[in-house]
Each structure stands twice: as C-alpha cells, then as structure tokens.
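Me: I am new to this structure and would like to learn how to read it, one feature at a time. Please give me the general idea first and then the case at hand.

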Amino acid sequence: MTAQSPERIFYKGEKLFMCTEPLEEYFSKGGLRPSLRRSSTALWRRYIGSWKIVDDRLYLTGLEGWLEDGTKVSTAMIFPGFPDKVSTAE
C-alpha cells in the first residue's frame with residue numbers, strides 16, 4: 001500500500017504535517033464533496049488541505065486538488081462565503 005500524502009499545518013511559523021484528515025469528517029456528515037481528479041496513488045482523498053491554528057481554533061486555509069474538468073479546487077467551492085479560511089467549528 002502506498003503511503004498517503006499528509007495534510008499540512010502551519011503552526012508558530014513552522015510547516016508541519018498531519019496524520020489526520022479533518023475535512024473528511026465534514027464530508028462524512030454530508031458536506032459537499034466536489035468530484036475531484038485522482039492525481040496519484042499517494043492521494044486517494046484527491047486533495048491536500050492546508051491548515052492553521054489561530055486563537056486555539058483549527059482553520060482550513062487552502063486546498064490543493066483539481067476537479068475532473070481540470071479546474072483547481074478552492075475552499076470557496078466547498079464553503080461558499082469563506083474564500084480565505086474556514087474554522088472547523090463553523
């Protein structure tokens with residue numbers, strides 16, 4: 001089995017990697033999951049999220065991935081009204 005590409009988190013000025021996938025919980029509860037293109041066997045979820053901790057809250061600040069038609073995915077596509085970041089508590 002191929003090791004999966006980790007999510008990224010920026011904390012205290014450092015880029016770190018996460019072994020969890022917080023956005024998957026949102027999708028499992030019925031959140032809109034766009035139809036994304038698989039780019040690698042190391043990326044079965046088809047995206048990489050970028051995260052940041054601000055005031056003890058976890059925020060999704062970006063996504064890397066592509067829709068089936070080749071369009072780059074963005075946070076605003078999944079969370080309209082939150083183009084730059086969205087808290088996991090929202």
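Me: Is Thr75 buried or exposed?

Reply: The model is predicted, and burial is read from the relative accessible area, with buried meaning under 20%. Thr75 has a relative accessibility of 4%, so Thr75 counts as buried. Thr75 is found in helix H2, residues 75–78.

Me: Which residues does Thr75 touch, not counting those up to four places away in sequence?

Reply: Thr75 touches Leu60, Thr61, Gly62, Leu63, Phe82, Pro83 and Val86 on that count. One of these, Gly62, is found in strand S4, residues 57–64.

Me: Is Gly62 buried or exposed?

Reply: Gly62 is buried, because a relative accessibility of 15% is under 20%. Beyond four places in sequence, Gly62 touches Ile48, Gly49, Ser50 and Thr75.

Me: How should I read confidence, and what does the protein chain average in pLDDT?

Reply: Where pLDDT is low, the predicted coordinates should not be read in detail. Here the protein chain averages a pLDDT of 90, and 98% of the residues score at least 70.

Me: Which elements of the protein chain have the lowest and the highest mean pLDDT?

Reply: Strand S5 has the lowest mean, 87. Strand S2, residues 14–18, has the highest, 95.

Me: Next, a charged residue. Where does Arg45 lie?

Reply: Arg45 lies in the loop between H1 and strand S3, the latter spanning 48–54. With a relative accessible area of 7%, Arg45 is buried.

Me: Which side chains make polar contacts with the side chain of Arg45?

Reply: A polar contact is read from the distance between N or O atoms, with a limit of 3.5 Å. The side chains of Arg45 and Glu7 are joined by a polar contact of 2.9 Å. The side chain of Arg45 also makes a polar contact with that of Glu21, at 3.4 Å. If neighbours within four places in sequence are left aside, Arg45 is in contact with Gln4, Ser5, Pro6, Glu7, Glu21, Glu24, Arg33 and Leu36.

Me: Glu7 came up there. How far apart are Cys19 and Glu7 in space, C-alpha to C-alpha?

Reply: Cys19 and Glu7 are 7.0 Å apart in space, while 12 residues apart in sequence. Cys19 lies in the loop between S2 and H1. Cys19 counts as exposed, because its relative accessibility is 84%.

Me: Which residues does Phe10 touch, not counting residues up to four places away in sequence?

Reply: Phe10 touches Lys15, Ser50, Trp51, Lys52 and Ile53. Phe10 lies in strand S1, residues 7–11, and is partly exposed, with a relative accessible area of 36%. From C-alpha to C-alpha, Phe10 and Ser50 are 7.7 Å apart in space and 40 residues apart in sequence.

Me: Now backbone angles. What is the phi of Lys12?

Reply: Most residues other than glycine have a negative phi. Lys12 has a positive phi of about 50 degrees, although Lys12 is not a glycine. Lys12 lies in the loop between S1 and S2. At 71% relative accessibility, Lys12 counts as exposed.

Me: What is the phi of Arg46?

Reply: Phi of Arg46 is near 75 degrees, a positive value in a residue other than glycine. Arg46 has its place in the loop between H1 and S3. Arg46 is partly exposed, with a relative accessible area of 25%.

Me: Last, pockets. How many residues line the largest pocket?

Reply: A pocket can be read by its volume and by the residues of its lining. In this model the largest pocket holds about 220 Å³ of space and is lined by 12 residues. Pro22, Tyr26, Phe79, Ser87 and Thr88 lie nearest its centre. The elements that give two or more residues to this lining are helix H1 (22–28) and strand S5 (86–87).

Me: Which element gives the most to the lining of the largest pocket, and how do the lining residues divide into nonpolar, polar and charged?

Reply: H1 gives the most, with 4 residues. The lining divides into 7 nonpolar, 2 polar and 3 charged residues.

Conventions: Residues numbered from 1 in each chain as written. Predicted model: local features only at pLDDT ≥ 70, side-chain atom pairs only at ≥ 80, totals over all residues. Heavy atoms only, no water. 1 Å grid on protein atoms, 1.4 Å probe; cavity = no way out; pocket = protein on both sides within 12 Å on 5 of 7 lines; lining within 4 Å. Points joined across faces, edges and corners; volume = space filled by probe spheres on them. Nonpolar A, V, L, I, M, F, W, Y, C, P; charged D, E, K, R; others polar. Buried < 20%, exposed > 50% of the residue type's maximum accessible area, 1.4 Å probe, protein only. Polar contact = N/O pair within 3.5 Å; in protein donor to acceptor, adjacent residues only side chain to side chain. Contact = heavy atoms within 4.5 Å. pLDDT = per-residue confidence, 0-100.
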